[in-house]
Amino acid sequence: MTIYLDNAATTPLLPEVKEEMKYVIDNHYGNPSSIHKLGRTAKTLIEKARKTISSAITCSVGEIFFTSCATESNNMILHQCISNLDVTRIITSPIEHHCILHTLEHLTKHNLLIEVVYVAIKPNGQIDYENLKALLTSSEKKTLVSLMHGNNEIGNLTDLKVVSQLCQESNALFHTDTAQTIGKEYINVQETHVDFLTGSAHKFHGPKGIGFVYIYGDHKLDPILHGGAQERNMRSGTENLICIVAMAKALEISLANREKWQAHMLLLKTEMKKMLVDTIEGIEFIGDQENSLNHVLSVSFPPSPHLDLLEVNLDMNGVYASAGSACSSGTLTASHVMDALNINPLRKTVRFSFSSLNTLEEIKEVVKRCGKICNKG
Ligand code: PLP
């Protein structure tokens with residue numbers, strides 16, 4: 001039996017989402033920009049999907065733009081806040097996703113006026129909000145704060161309310177990457193002001209290659225892709241109709257089942273922690289254990305000669321999880337997140353991540369297989 005516990009990397013499509021995609025493929029091939037009936041119908045489907053996404057975070061439909069992924073959305077915000085909104089200082093954390101950190105490296109390399117400041121993190125990886133406040137009040141420069149909502153490697157949740165409040169007090173802009181939380185955590189931009197928010201369908205059982213960005217109504221950004229007038233001139237290129245409709249369907253289902261699925265994933269996580277501690281001596285968990293995503297469990301295994309190739313061994317034993325290095329195109333180099341947390345490099349880190357489709361039986365089986373690998377000899 002193979003067991004998939006890599007849902008923070010990507011999730012399988014739900015059958016209902018597949019059905020929806022098939023329906024669009026079979027019935028709606030028109031170009032949404034065409035003014036004939038086929039085109040108009042396709043356009044209507046896109047606007048319906050936009051309504052679903054906007055309702056999910058309680059914003060207006062005009063504030064949602066479809067993109068190809070969270071990476072594109074994040075790039076758009078970082079680039080255009082500098083180009084269009086006079087941002088010269090960006091506060092972020094050392095444990096953001098590479099699509100933030102590498103974009104910022106690129107931007108500072110090409111624009112020496114841009115200052116990037118990394119907020120301090122606590123030993124458990126939680127944002128040091130006092131330090132954030134101090135950084136925000138220490139400069140007059142136009143500042144953007146970019147902090148992810150849920151960390152993809154260790155699962156820590158950032159308190160959006162606290163960050164939002166601090167940003168408003170200092171007149172800073174606030175961007176949050178919700179790739180790991182949209183459809184899972186409660187997000188309401190009416191209650192908690194956010195200037196920019198980004199997400200990606202494949203993290204919530206939608207297809208790969210489709211994402212979105214929320215841009216607070218007052219902000220006028222130029223597109224990074226120029227061409228036709230799609231997405232009200234914000235993102236040119238013929239819309240990915242099939243995937244846009246599928247993303248909305250996946251989000252709708254995720255939200256309708258949010259509480260039930262969250263409870264289920266929390267159960268899997270709690271049980272897995274208990275079973276791992278009972279089975280393998282010296283197990284530790286990385287990240288803020290009080291305030292974290294229910295679907296992410298970062299496990300630190302004690303140093304042992306048997307564990308040199310732990311992730312390969314798990315793979316060979318039919319368990320699909322991620323090494324600490326996570327989504328870096330299959331590389332097994334040390335993760336920047338583990339480095340930032342000063343995790344002993346002799347210990348092995350594996351991220352197990354769950355979805356509503358996983359069962360307790362699977363978790364028991366994974367712990368058993370981990371035990372066999374770790375306790376042999
Ligand atoms: N941001 C976070 C927090 C992620 O976990 C990921 C996925 O790996 C991304 C961004 C990138 O998402 P996408 O694959 O849609 O570009």
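## Contacts with the ligand

A polar side-chain atom of His97 lies 3.2 Å from an oxygen atom of the ligand, and a polar side-chain atom of Ser200 lies 2.5 Å from a ligand oxygen atom, each a polar contact (a pair of N or O atoms within 3.5 Å). From the backbone, an N or O atom of Ala70 is placed 2.9 Å from an oxygen atom of the ligand. Taken alone, the ligand exposes 400 Å², of which the protein buries 91% (accessible areas by the Shrake-Rupley method with a 1.4 Å probe).

The model is predicted, with local features needing pLDDT of at least 70 and side-chain atom pairs pLDDT 80 or more, whereas totals for chains, interfaces and linings use all residues. Residues are numbered from 1 along each chain as its sequence is written, and side-chain values use heavy atoms, leaving out hydrogens and water.

## The shell around the ligand

Of the 14 residues around the ligand, those that come nearest are Thr71, Asp177, Gln180, Ser200 and Lys203 (a residue is near if one of its heavy atoms lies within 4 Å). The shell divides into 6 nonpolar, 6 polar and 2 charged residues.

## A charge over a ring

Lys273 lies over the face of Phe285, at 5.3 Å from the ring centre (the rule asks for NZ of Lys or CZ of Arg within 6 Å of the ring centre and within 35 degrees of the ring normal).

Definitions and conventions: Polar contact = N/O pair within 3.5 Å; in protein donor to acceptor, adjacent residues only side chain to side chain. Nonpolar A, V, L, I, M, F, W, Y, C, P; charged D, E, K, R; others polar.
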